[in-house]
Every structure is written in C-alpha cells, then in structure tokens.
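Here is my note on the model you sent. The points below take up aromatic pairs and helix packing.

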Amino acid sequence: YNSTLPPSSLYHHPSSTSSSSSSLSSTPTTATTNTSTSHLEYQSIQSCFKRVKISTSPGELRLSKDLEDICTTHHWRHHNRDFLSPDSCIKLHQDVVDPLRLSLSVWGKNVVMTYMLQVPRMYPHAPPVVYRVSADPPLQYPSGMPTLEQVRIVPQTTTTPSSPLTKTTRPSNIEIYNQWSPISRLMDLIEFLVELLPKRMRQW
C-alpha cells in the first residue's frame, strides 16, 4: 500500500463507469435517429413528387387531333415528327423540345418557302403565330415588288371579307389570314400558306 497515493486513485468510481457506458450506448441511438429522420424526409419528398401532375395544355391536345386529321383525312405520311403531303411538296415538322412549335416547308419552282409557327397553349381559341418567313434561295422579286416578310393570323370578325386571302391589287410585305376561328383547323392555315407563293407570282 502506497500512502503517497490519494485514496481516490486506488479504485474506479462507479459514476465514471456509468458515464462511459452511457456515452457509448448513446451513439447507436443517435445514428438510428438520424437514419429515421432521413428516411422520413425522403418519403415526404417522394410524396410531393407523386402529387405533381404534368398537365397537357388544351393547345397540345387540339394540335394532336389536327395532326391526326392531316394523316387520316388528307392522307399525309407520318414518320416520327415529320408529316409529308401526298405529292411530297409540303413538309410539316413538329419540334422535339416544344411540340407547339412547327415548321412548314413548301417546295415551289426552284424555291422552298419555310414558315415557322408557334401554336399557343389556348389553341384554337387563340390563333397560331407565324414568327418567321424565309425563302431558299432568296426570291428575286420584280422591281417594285416588296419581299414577303410577315404573315399575320387574326380572328375572324363580322366585317372581314369572305375570302381568307387579302384583297390587294399588288402584294405587300405582309399577308393576312383573317378567317381564323375556334373551329378552324391546322389544315386551313396550311392551305393558306401553301397558296401564298403562287398567289404572289400571279400578281407579278
């Protein structure tokens, strides 16, 4: 027995053992609690995603019907997102990223006219928009004849003429389709756009 050592150093106090045991035993409990919390958070996020429903706009639904009508009624050929007329002179392409964006290519005599269209989400109550007109190669218009630069589609009113073609003695750089209504179909607009180039050539 060494009298120089304090009595407390001769034995291990029970409280310290209890404290160590408590510390060790609390570690798995904390880990289990964290895992349970993470699982609950994951379930909550997963539940939120299940409640989210990606809706299709009325315009997309109606456009799908119009494209189906082009194939069944007018006998266009359909491959992926390309639609080709029976005489292969007209091609309609539907954008992969935005299904409401279309391009219409019309093959004429030594020229291809291309019209870029944006179909609104409220189509057909809101008319499509032709936001770009181009010709390849660029058309050589007679002297004094303006280049076709815009096509405007406006809703039908009681004051508009019966013909969808504008009544002008000579073409301007803007063509107007003024017969659009909620019962109009995409094919109505396509027929108008296809006729634009021959119409302007007849007026040269």
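1. Does Tyr177 count as buried or exposed? In this predicted model, Tyr177 has a relative accessibility of 6% and therefore counts as buried, the cut-off being under 20%.

2. Two aromatic pairs are present in the structure. In one of them, the ring centres of Tyr123 and Trp180 are 5.8 Å apart and the planes stand at 35°, so this pair is tilted. An angle under 30 degrees would have counted as stacked, and one over 60 as edge-to-face.

3. Tyr123 sits in the loop between strand E5 (111-118) and strand E6 (129-136), while Trp180 belongs to strand E8 (residues 174-180). Tyr123 and Trp180 are both buried.

4. Tyr177 pairs with Phe192, again in a tilted arrangement, with 4.9 Å from centre to centre and 55° between the planes. Because Tyr177 is in strand E8 and Phe192 in helix H3 (residues 186-202), this pair ties together parts 15 residues apart in sequence. Phe192 has a relative accessibility of 3%, so Phe192 counts as buried.

5. Helix H3 also packs against helix H2 (residues 58-72). The angle is about 60° and the axes are 9 Å apart.

6. On the H2 side, the contact is made by Leu63, Asp66, Leu67 and Ile70; on the H3 side, by Leu186, Met187 and Ile190. By class, the residues of this contact are six nonpolar, one charged and no polar.

How values were computed
Residues are numbered from 1 along each chain as its sequence is written. This is a predicted model: local features need pLDDT of at least 70, side-chain atom pairs count only at pLDDT 80 or more; totals for chains, interfaces and linings use all residues. Side-chain values use heavy atoms; hydrogens and water are left out. Rings of Phe, Tyr and Trp (its six-membered ring) pair if their centres lie within 6.5 Å; planes under 30 degrees apart count as stacked, over 60 as edge-to-face and the rest as tilted. Helices (H or I, at least four residues) and strands (E, at least two) are DSSP runs, numbered from the N terminus. Buried means under 20% relative accessible area, exposed over 50%, partly exposed in between (1.4 Å probe, protein chains only). Axes are lines fitted to C-alpha atoms, for helices over the stretch in contact, and angles run from 0 to 180 degrees between N-to-C directions. Contact means heavy atoms within 4.5 Å. Ala, Val, Leu, Ile, Met, Phe, Trp, Tyr, Cys and Pro count as nonpolar, Asp, Glu, Lys and Arg as charged, and the others, Gly among them, as polar.
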